[in-house]
Amino acid sequence: MLEKFRLDGKVALITGGNRGIGLAIAHALGEAGAKLVISGRSKVPESEKSLADAGYDFEFIAADITDPAAPGMLVDETVKRRGRLDILVNNAGIARHGDTPDFDEGRWREIMGTNLDAVFRGCRAAIGPMRAQGGGAIVNIGSISGFVSNVPQNQVAYNASKAAVHHMTRSLASEFAAENIRINAVAPGYIDTDMSRGGIENPEWFPIWRDMTPMRRVGQPEEVAACVLFLAAPASSYVTGEVLVVDGGYLTR
């Protein structure tokens, strides 16, 4: 059974793969044998050192994922450099809080451009090479915020973007299942990353987050990465169109 989690000979592209959850995903897929291409706005030397020290085969490509041309460029460069694309993980994302009456158009577009538009463009670009080689796996990173309206923070744009990612995942999965292209999503709860650190350190917010989570703790990036590995690997060969929740039980309440 363990061999079904191996990715030897596979090529994986991970957006936002140089920090946080994305870096943990890179380590998980690299440990399973995948050749990695990671992207981000800029290099993070300590992250690349961690991948190099682990002995993984990886390359970094700088890209601003909000540039409409960036997702296609990343896919094209991955195929050019690595010869194929077996796994795409659309991980890059941002979170912005704010009361709706004060939420201006610029912040709305920033969130949608990063969390939704770039994910669609990445999926669209990956279909061609995956179709040509007879299949592939796409894993989109959603959020529990795509299912519920979190409290106490107001975050209508983030919630809407992640809900859209979930349903886009299901729609694409239905469209391409017959071509052996599996498309799934992972929906993390509160995870200990730089993006959520402000809320974790907030004395008003964090007790609410903790008390609404039955396991009474935040998750670790590696706990999300393990689920991404499952969805990217042959172990999940009969799974497509699913949104796998990783939240310590948050959605049970």
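This is a predicted model: local features need pLDDT of at least 70, side-chain atom pairs count only at pLDDT 80 or more; totals for chains, interfaces and linings use all residues.

Q: What can side chains of opposite charge do when their charged atoms come close?

A: They can pair. In this structure, the count comes to 17 salt bridges.

Q: How far apart are the closest N and O atoms in the salt bridge of R6 with D8?

A: They are 2.8 Å apart. R6 has a relative accessible area of 35%, so it counts as partly exposed. D8 is partly exposed too, with a value of 49%.

Q: Which residue forms a salt bridge with E179?

A: That partner is R131, and the closest N and O atoms of the pair lie 2.6 Å apart. This pair links distant parts of the chain: E179 sits in the loop between α5 (156-176) and β6 (181-188), whereas R131 belongs to helix α4, and 48 residues separate them. E179 is partly exposed, at 29% relative accessible area. R131 is partly exposed as well, at 44%.

Q: Where does D192 find its salt-bridge partner?

A: Its side chain meets that of R197, with 3.0 Å from N to O. To judge accessibility, remember that partly exposed covers the range between buried, under 20%, and exposed, over 50%. D192 has a relative accessible area of 27%, so it is partly exposed. R197, at 28%, therefore counts as partly exposed too.

Q: Let us turn to helices. What describes two packed helices?

A: The general idea is to give the angle between their axes and the distance between the axes. Here, take helix α3 (residues 70-82) and helix α4 (residues 105-133): their axes come within 8 Å and cross at roughly 30 degrees.

Q: Is the crossing of α3 and α4 left-handed or right-handed?

A: The crossing is right-handed.

Q: Which residues in α3 and α4 meet?

A: On the α3 side they are P71, G72, V75 and V79. Their counterparts in α4 are A118, R121, G122, A125, A126 and P129.

Conventions
Residues are numbered from 1 along each chain as its sequence is written. Side-chain values use heavy atoms; hydrogens and water are left out. Axes are lines fitted to C-alpha atoms, for helices over the stretch in contact, and angles run from 0 to 180 degrees between N-to-C directions. Helices (H or I, at least four residues) and strands (E, at least two) are DSSP runs, numbered from the N terminus. A crossing is left-handed if the near helix is turned anticlockwise from the far one by less than a right angle, and right-handed if clockwise. Contact means heavy atoms within 4.5 Å. A salt bridge is a side-chain nitrogen of Lys or Arg within 4 Å of a carboxyl oxygen of Asp or Glu. Buried means under 20% relative accessible area, exposed over 50%, partly exposed in between (1.4 Å probe, protein chains only).
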